[in-house]
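Reader: I am new to this structure. Please take one part and walk me through it closely.

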Amino acid sequence: MKFRHEWKHEIHVSDMITLRQRLRAVADMDVHAVNGRYEIRSLYFDNLSDKVLREKLDGVNAREKFRIRFYNGETSLIHLEKKSKLNGLCSKESTTLTKEEAQAIVEGRCNWMMDSDRELVRELYLKMRFQGLMPRTIVDYTREPFVYAPGNVRVTMDYDIRTGMQCTDFLNPDCVMVPAGDAQIILEVKWDEFLPSIIRDAVQLEGRRTSAFSKYAACRIYG
């Protein structure tokens, strides 16, 4: 498992306009972006005692969360992901799901998962079975992504964060989504061993401090 460094900052619209101009000058646009952005829909898992949410809010040093997601409304490619956090570093494991498999998980039809040839699918099954993990809420947002090859740097700006409240009908395009309160624009910077100075300088903003903002936590306020 490879761990990466991560910064998060809550920023304003004026900051985003400034950063967009700076990053376009020094970094590349993610090849998967359409007109400079893409839409993300994620379904997050938690149990009835809100283990994942509480560990996030309490700042537990070693924690993990599972989610299913797809991009730009394209359900032919769905990702199952596990994000882990340890000593302030982050890692992500990922595998693919078919639309039918994702729908089965949403509906609680999970016995097939224990025989999957994908380790991450089997791990999620065990944690659904023994830790009570279940789909808890949908989170939608828009992302503007930039990449910089030295240091394997990825810079993203996420905004228009919306929640499905208690809706978990992940593949239903008509699921009602509402704005997640007064959620800010979230700047995220991720890199491997080093962060090149050209990117460090580009993302510097006066008076902005590192944040522990969680889109999942912001959306769980609603259910």
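Author: Several elements cover the buried residues of helix 1, among them strand 1 (5-11), strand 7 (134-148) and strand 8 (153-163). Strand 10 (185-191) and helix 5 (197-202) are also included in that cover. The model is a predicted one.

Which residues of helix 1 are buried? They are Asp 15, Met 16, Leu 19, Arg 20 and Leu 23. These residues span an arc of only 135° around the axis, which places them on the same side of helix 1. The spacing has a simple background. An α-helix has 3.6 residues a turn, so residues three or four places apart point the same way.

Now turn to the other side of helix 1. Gln 21, Arg 24 and Ala 25 are exposed there.

Next, the length. Helix 1 runs over residues 13-26, 14 residues in all. From first C-alpha to last, helix 1 reaches 20 Å. That is close to the 20 Å expected at 1.5 Å a residue.

For contrast, take a residue in a loop. Ser 116 is found between helix 3 (99-106) and helix 4 (119-130). Ser 116 has a relative accessible area of 9%, so Ser 116 counts as buried, the cut-off being under 20%. Leaving out residues up to four places away in sequence, Ser 116 touches Val 121 and Arg 122.

Back to the picture of helix 1: Asp 15, Met 16, Leu 19, Arg 20 and Leu 23 are buried, while Gln 21, Arg 24 and Ala 25 on the other side are exposed.

How values were computed: Residues are numbered from 1 along each chain as its sequence is written. This is a predicted model: local features need pLDDT of at least 70, side-chain atom pairs count only at pLDDT 80 or more; totals for chains, interfaces and linings use all residues. Side-chain values use heavy atoms; hydrogens and water are left out. Helices (H or I, at least four residues) and strands (E, at least two) are DSSP runs, numbered from the N terminus. The expected span of a helix is 1.5 Å times one less than its number of residues. Buried means under 20% relative accessible area, exposed over 50%, partly exposed in between (1.4 Å probe, protein chains only). The arc is that of the directions from the helix axis to the C-beta atoms. Contact means heavy atoms within 4.5 Å.
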